[in-house]
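Please read it beside the model.

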Amino acid sequence: MPKLFGKDFSRKEILRHVGNLNQIAGIREYTHSSGRANHTRAIEINTGLIQFEILADRCLDVSRATYLGIPFGYFSKSGIRHPAFFNKTDPTGFQDNFYAGTLTTCGLLNIGPASHYAGRDHQPHGIAANLPAEKISVRETWDGDDLVFSVEGEIHHSAFYREDLVIHRRIEARLGESFFSLHDTVENLDFAPSPCLLLYHAQFGFPFLSEKTRLVTSPVEKSIVRPGVPEEELARHASFGPPVDGQVEYCFYHTFKANAEGYAGAALFNPDLGQDGLGAFVKFDTRTLPQMVQWKMLRSREYVCGLEPASANLDRRTPEELAAASLAPLAKREFNLQIGVLPGEETLKKHLS
């Protein structure tokens, strides 16, 4: 039963109070019509607490997101761009089209820096984020007293003489809830094995990111700096400062102790937001996403912290790693995560434990 405006409502009570559910929540579909976003299809879900935009032409990724009107995703200078602007041969192609948003999918043949293996050059973070979805289904259905909003579709990562991978993606949110769930099933439709590398590039910005913000996580098993980052930065990874002109990025690799269901997560908690502080979080299934990359970037205009569940290490493409990440012919692999906002540090910690 959803809680709205501080009170629990049954389905009958909700329907008695409104002529159309769009008065308080719902789904709407539209197309961007100007600039480099022109012709980009979008789907917006409003649960009454969070409102977020899914880009149908960008891998069903999530761009803008707000909690009670407070933005929690980060938007880059690039802004939303149609995938027609993506250049697969330019090493800056991913970066040029990286609007960031709340979630950008990286993969499937590469995550991290540009790489070369099996006779092919691979873009930084791969091409998945610039692939349009198809067979899209948008639904609003009652499950007892719960109103469920869902968007489903397929993203094909395929080429002649090469791989034939498909992401079956489902995004779901419920009336009165402050997070959405994402379920991906990646399937290899070919008769040759293929790498299956995924990084969910979730990032949060101002006002959730500020000099008062601190990182809250599930119990930590191991944290290390990414190669090239000064070792002393590890002691400061959970705290943040104001924007600084010319600041460089720092990345850290975290592995967490999962709960009984196999889930762990992390959040940016800002005690100055809301009555008891607010935390923007990512919670994920560690069985297929064993590591989280923390991207800490405090440069002016690029003031952002990424909490990014990953299926593999960003910096190695050894034959052994590729074999471990390989998806056998006609095989499937599932990936699950949640993204949203919760009030109060104790509530946040409980949800991540």
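How much space lies in the largest pocket? About 650 Å³. This is a predicted model, in which local features need pLDDT of at least 70, side-chain atom pairs count only at pLDDT 80 or more, and totals for chains, interfaces and linings use all residues. Residues are numbered from 1 along each chain as its sequence is written, and side-chain values use heavy atoms, with hydrogens and water left out.

**Pockets**

A pocket is an open set of points on a 1 Å grid over the protein atoms alone, where a 1.4 Å probe fits, with protein on both sides within 12 Å along at least five of seven lines. Lining residues have an atom within 4 Å of a point. A volume is the space filled by probe spheres set on the points.

The largest pocket is lined by 25 residues. Closest to its centre are Phe 94, Gln 95, Phe 98, Glu 249 and Trp 295. Helix H2 (93-96), strand S24 (291-299) and strand S25 (302-310) each supply at least two lining residues. Helices (H or I, at least four residues) and strands (E, at least two) are DSSP runs, numbered from the N terminus. S24 gives the most, with four residues.

The second largest pocket has a volume of about 400 Å³. Of its 20 lining residues, Lys 88, Arg 120, Ile 127, Arg 162 and Glu 163 are the closest to the centre. Strands S12 (120-122) and S14 (146-158) each supply at least two.

The table divides both linings by residue class.

**Cores**

A nonpolar core joins buried Ala, Val, Leu, Ile, Met, Phe, Trp, Tyr and Cys residues through side-chain atoms within 4.5 Å. Buried means under 20% relative accessible area (1.4 Å probe, protein chains only). The largest core holds 90 residues. Phe 52, Ile 54, Phe 72, Leu 307 and Ile 339 touch the most other members. Strand S18 (residues 197-204) gives the largest share, six residues. Another core, of eight residues, lies apart and includes Phe 179 and Leu 348.

**Glu 44**

Glu 44 sits in strand S4 (residues 41-46). Glu 44 is buried, at 14% relative accessible area. Its side chain makes polar contacts (N or O atoms within 3.5 Å, one able to donate a hydrogen and the other to accept it) with the side chains of Arg 28 (2.8 Å) and Gln 51 (3.1 Å).

Conventions. Buried < 20%, exposed > 50% of the residue type's maximum accessible area, 1.4 Å probe, protein only.
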